[in-house]
Amino acid sequence: MIAENYKIEISSLKKQFGDLVVLRDINLKIAPGAVIALIGPSGSGKSTLLRCMNLLVIPDDGSIRIGNDAFKFGHGTSLPSAREQARFRRGAGMVFQHFNLFPHMTVLQNVMEGPVSAKNMPKAEAAVLARKLLAKVGLVDKADVYPQRLSGGQKQRVAIARALAMEPEVMLFDEVTSALDPELVSEVLSVMRDLAAEGMTMIIVTHEIAFAREVADIVVFMRDGVIVEEGPAREVIDTPKQEGTRSFLRHFHTRS
Amino acid sequence: MYNWDFNILWSYRWLLFEGTLVTIALTASIVVLGLLMGLIAGLAQISRFAFLRWVSWAYIELFRCTPLLVQLLWFYYALPILTGIEMSAITAAVLTLSLYGGSFYAEVIRGGIVTIDAGQREAGLALGLTPARVMRRIILPQAIKQMIPPLMNQSIIQFKNTSLVSVLAVPDLLYQGQSAATETYRPLEVYTVIAIIYFVVLVPLTAIVKKSEKALRESD
Ligand SMILES: Nc1ncnc2c1ncn2[C@@H]1O[C@H](COP(=O)(O)OP(=O)(O)OP(=O)(O)O)[C@@H](O)[C@H]1O
Ligand SMILES: [Mg+2]
């Protein structure tokens, strides 16, 4: 049911926590291989939108399609079962601000965990896949150490390899360089740049405006739970049309 | 001055030895079954389903807030009247002590699980693991490390609690001691030896707990 040529389709998505409306009416279509930078002030709902896309947050209303897998939420729909949710999540790889590596597993085991435990892939096969992905993020020599021994940048690269091991349709990045020392940011951004060049569909929540301008195809600016402006990255960042976008970006230009 | 005479007990050595074995076997089974109960009740405590949370809360409070001796008597003498199912003293003892221990283990297990950072669960779910797999592969292996010292402490208490089953005529260490005391008219010697046996078994165990607590502190 690939109705149109989009990889991801989000329609009329709504989410509120108690009385706090966090996503008002989000509509977004993403082409295969597109790199989307999601920017906006703190509390605008960026993380919530990303988390809705792999059901860490269950939306109140609307629908999400990723690849061939679609879910509707809200009135007249029943909550997808735990098993269905797990299957849906395999389509979207998520990388977190604080890495969330599994401390009781080696780097290699971290990367193998998804294929082995979610896909029941034989261990030997998963190990081969994991080593290939660790090589891709430049950490094959760290395969047998525990995450505690890695720098922040190395941890985040392992986390990217771990998500890639599920061979997802799309990768979701939530401020993945915000917790890093400044000198470690570039090694992570460079891995993401490579992924983008390979044609991976990516949604990147970031405050690295220069990186967004360089790597993203589309910039989406969110405020108060709505998409205020979206368009080609350079256009939106260099010549924003909306006053909201302008004042948000001004804050960055004056800072850097 | 009392005239101590331990020689008299020599002929009871095998009886006391058998009693000790019964006590140890009883402890082993109630620790295993209790941990199983505790795991189920502890997981139910953090379940998404309110009904499961409620049932496990009721179970835990019921067993924590009534005396163990009363529970033992109730399961052996009262439950058969209610259900018509007769139980041997051993069965009643194992059942009661396991349920009692489980209510304490449950709190330890729940507490260990909730200390694990929510990001671990999210990372597991995001990979596409089912919630049950996330618990088994990611949360429990990390939580167990912190649970081990308190679980061992609770098991030591359980070892001592087994002495209560002598009221149901289960032939444990204390029960055999009681019969030896009655036959010999030497309660002072008998109960002193009984106390020493409990002590000798438990001292090394508490030392192990101390060591594992220290190891845990140092690993952080
Ligand atoms: N689980 C939750 N329960 C209650 N409120 C929440 C929850 N998650 C997020 N919120 C609230 O929703 C709002 C939007 O949060 P969100 O994390 O999506 O913003 P954000 O755009 O990612 O912000 P930031 O740039 O600070 O990360 C915030 O006010 C936040 O406090
Ligand atoms: Mg956020």
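Modeller: Gladly! Keep in mind that this is a predicted model. Start with a polar contact, a pair of N or O atoms within 3.5 Å. Here, a polar side-chain atom of A:Thr48 is 2.5 Å from an oxygen atom of ligand 1.

Biologist: How much of the accessible area of ligand 1 does the protein cover?

Modeller: On its own, ligand 1 has 640 Å² of accessible area, and the protein covers 58% of that.

Biologist: Which elements give two or more residues to the shell around ligand 1?

Modeller: Those are strand S2 (20-30) and helix H1 (46-53) of chain A. H1(A) gives the most, with 3 residues.

Biologist: And which residues come nearest to ligand 1?

Modeller: A residue joins the shell if one of its heavy atoms lies within 4 Å. Of the 13 residues around ligand 1, the nearest are A:Ser42, A:Gly43, A:Lys46, A:Ser47 and A:Thr48. A:Ser42 has a polar side-chain atom 2.5 Å from an oxygen atom of the ligand, while A:Ser44 places a polar backbone atom 3.2 Å from a ligand oxygen.

Biologist: How does the shell around ligand 1 divide by class?

Modeller: It has 7 polar, 4 nonpolar and 2 charged residues.

Biologist: Now the surface. Which residues make the nonpolar patch?

Modeller: Turn to chain B: B:Phe49, B:Phe51, B:Leu52, B:Trp54, B:Val55 and B:Trp57 make a nonpolar surface patch of about 700 Å². One of them, B:Phe49, sits in the loop between helix H1 (13-45) and helix H2 (50-64) of that chain.

Key: Residues numbered from 1 in each chain as written. Chains lettered and ligands numbered in written order. Predicted model: local features only at pLDDT ≥ 70, side-chain atom pairs only at ≥ 80, totals over all residues. Heavy atoms only, no water. Patch = residues over 30% accessible without salt bridge, like charges linked within 9 Å, V, L, I, M, F, W, Y side chains within 5 Å. Areas by Shrake-Rupley, 256 points an atom, 1.4 Å probe, with all protein chains shown as cover. Salt bridge = Lys/Arg side-chain N within 4 Å of Asp/Glu carboxyl O. Helix = DSSP H or I, 4+ residues; strand = E, 2+ residues; numbered from the N terminus. Polar contact = N/O pair within 3.5 Å; in protein donor to acceptor, adjacent residues only side chain to side chain. Nonpolar A, V, L, I, M, F, W, Y, C, P; charged D, E, K, R; others polar.
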